[in-house]
Amino acid sequence: MSEPPPVATRQLVKRYGDLVAVDHVDLTVEHGDVYGFLGPNGAGKTTTLRMLLGLIRPTSGSVVLHGRDPLVDGARALDGVAGFVEGPRFYPYLSGRRNLRLLADLDGADASSRIDEVLEIVDLADRAGDRVGGYSHGMRQRLGIAASLLRAPRLLLLDEPATGLDPAGMRDMRQLVKRLAADGITILLSSHLLAEVEELCNRVAIVRRGRIVYEGVLAELLRSAGGGYRLQTSDAERARTLLLNQPGITGVVLDGGELRFQAEPDAVEAATVALGQARIGIRSLVPRTATLEELFLGLTETGAAGEEAAA
Amino acid sequence: MTAVYRWEVAKLLAQKRTYLGLGAAMLVPLVFVLVLVFKAGGPNDIPLGRYIRQTGLATPFVVLFFMSIWAFPLITALVAGDIVAAETHNGTLKTILTRSRERGEIYAGKILAAVTYTVVAVVAMAVVGLVAASSAWGFNDLTSLSGSTVSAAHGLGLLAASLGIYVVPMIGIAAFGLLLSTVTRNSAASVVGTLMWALLMQLLGVLPGTEAIRPYLLGTQFEAWHGFLRTPPDWVPIVRALWVCAFYIALPLAAGYLVFLRRDVAGE
């Protein structure tokens, strides 16, 4: 029997009165994924993460982590799971180290033996004796990661880990996440920072108004939205006429001397041969790949205006 | 369970409000003794008040009486009303609820820590009162409420027993504070609400027409210790305090526990 996936939600719903914060969300995070959970603010990312961690009860649907349901199995469902939602919070009147010791004691097992190690990993060893009340935002985020690592997690849930960090802090956070992923930890990372997701994640779910509008492999998403080309030739008009009659070429548009079109790679190859035979010189032919940002905006804004008008 | 309780106590020890409460509990008997050392007269119309200069043993009893009206309820509410609400407010509740402990265990740890603080506050008051008053007036025999003389050693035993029964209604107040702290998620509202509730119980006890319910009010149970100071001991108020308080303790704790187990822990 294959091991159950680290995260599987089925038809997960959370309602607050009339507001549907999470609307029939199906998420599956597989072992080894760095899974990006993307969406604009207020899309329901944090609410979903809260349900995953058992902090709030779903209105309907189910959450299963490594085969266990937090509502049924309680704290045991969080074995091997760690993370934070909406920024990690600590006791400001205790030192960083005392905070970790407290959490390690609540974790039991050998968590307390890892305190020094995790402080080193997040580069907080020299400030561990200071009260958390005096920590900067970035230090608290790093202490949050340290607190998560105490649990030696197989699954790490991180809610906007780089939010509010300065550029150097963001870079460090990304490097840390990469390192943890390389160590074999499955990571579910919510973010509205597209560059972060593009750099770190192999799979993504894009959520809008509580609903998943895309779920799958990031590279496939980018590829599916690509397939466009930009062409500059010695004779744009003749080239346009030729492309319009070329099989497998669609969406031909002439824009300021540059042609844009959609095609599969083999149709593009045939087109370049045809252009050469027609003695039309090719100055440049560039495949156009969509950025995650374009896709994200397309997926999260399409229809939004219409829905608002209807509301 | 031990680890949860130990850390709940450690958190209390790291917070100013804990010392504010304990400090107040110790300051009251100290001020009381100082004033009576320098001024003539005394609280003659309250139990044991007229024997205040006869032995240091009388002071803790007299202060128990004074502090039951609002000081001890306030000291108790200060921590019990805050212990869940502050964690909700600071967001640390979600930090500890995403570790390897069941919610019930965390709540039980908080109950025990609040009870510990309450007991410590009462004992601290008594110890400071006893030491201060004994150094002023000596550690002599005590005159019981029935007028008989009790040896100082026996009087000390009676004080311990009295404190034991006195903390029971205090725990009733703490239980109510914990419930408010859990339900309102607001520390100030819980502290004030708990104090108001304790005052209401006292008020009901002195209003005309409440005689029938008076034995069952929480405020009344603060006088149960009088039973120990009678010869022979009067067990009726003591036994009643135990079972009446059992309700005042169990009902809010059970309600708070159920709310805590099921509630959504989201950002404030």
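Two strands count as paired if DSSP finds at least two bridges between them. With that in hand, turn to chain A of this predicted model. Three strands form an open sheet there, in the order E2-E1-E4, and their pairing is antiparallel. Strand E2 (19-29) and strand E4 (60-65) of chain A stand at the edges. Each has a single partner strand, so one side of each lacks a neighbour in the sheet. Neighbouring strands are turned against each other by 20° on average, direction ignored.

Now look at one of the pairings. Strand E1 (residues 7-16) of chain A is joined to E4(A) by 5 bridges, and the two run antiparallel. Within E4(A), A:Val63 is the bridge partner of A:Thr9. Helix H1 (residues 45-52) of chain A packs on this sheet. H1 touches E1, E2 and E4 of chain A, and its direction makes about 120° with that of E1(A).

Next comes helix H5 (residues 137-149) of chain A. Its 13 residues should span 18 Å at 1.5 Å a residue. The end C-alpha atoms are 19 Å apart, which agrees. Buried residues of H5(A) include A:Gln141, A:Arg142, A:Leu143 and A:Ile145. What covers the buried residues of H5(A)? The cover includes strands E5 (81-84) and E6 (155-159) of chain A, along with helices H3 (96-107), H4 (115-121) and H6 (167-182) of chain A.

Finally, the chains meet. In chain B, 22 residues are in contact with 22 residues of chain A. Helix H1 (2-13) and helix H6 (92-97) of chain B each supply at least two residues of the side that touches chain A. H6(B) gives the largest share of that side, 5 residues. By class, the side of chain B that touches chain A has 8 nonpolar, 8 polar and 6 charged residues.

Key:
Residues are numbered from 1 along each chain as its sequence is written. Chains are lettered from A and ligands numbered from 1 in the order in which they are written. This is a predicted model: local features need pLDDT of at least 70, side-chain atom pairs count only at pLDDT 80 or more; totals for chains, interfaces and linings use all residues. Helices (H or I, at least four residues) and strands (E, at least two) are DSSP runs, numbered from the N terminus. The expected span of a helix is 1.5 Å times one less than its number of residues. A residue is buried if 20 or more other C-beta atoms lie within 10 Å of its own, exposed if 12 or fewer, and partly exposed in between; C-beta atoms are placed from the backbone. Two residues are in contact if their C-beta atoms, placed from the backbone, lie within 7 Å. Axes are lines fitted to C-alpha atoms, for helices over the stretch in contact, and angles run from 0 to 180 degrees between N-to-C directions. Ala, Val, Leu, Ile, Met, Phe, Trp, Tyr, Cys and Pro count as nonpolar, Asp, Glu, Lys and Arg as charged, and the others, Gly among them, as polar.
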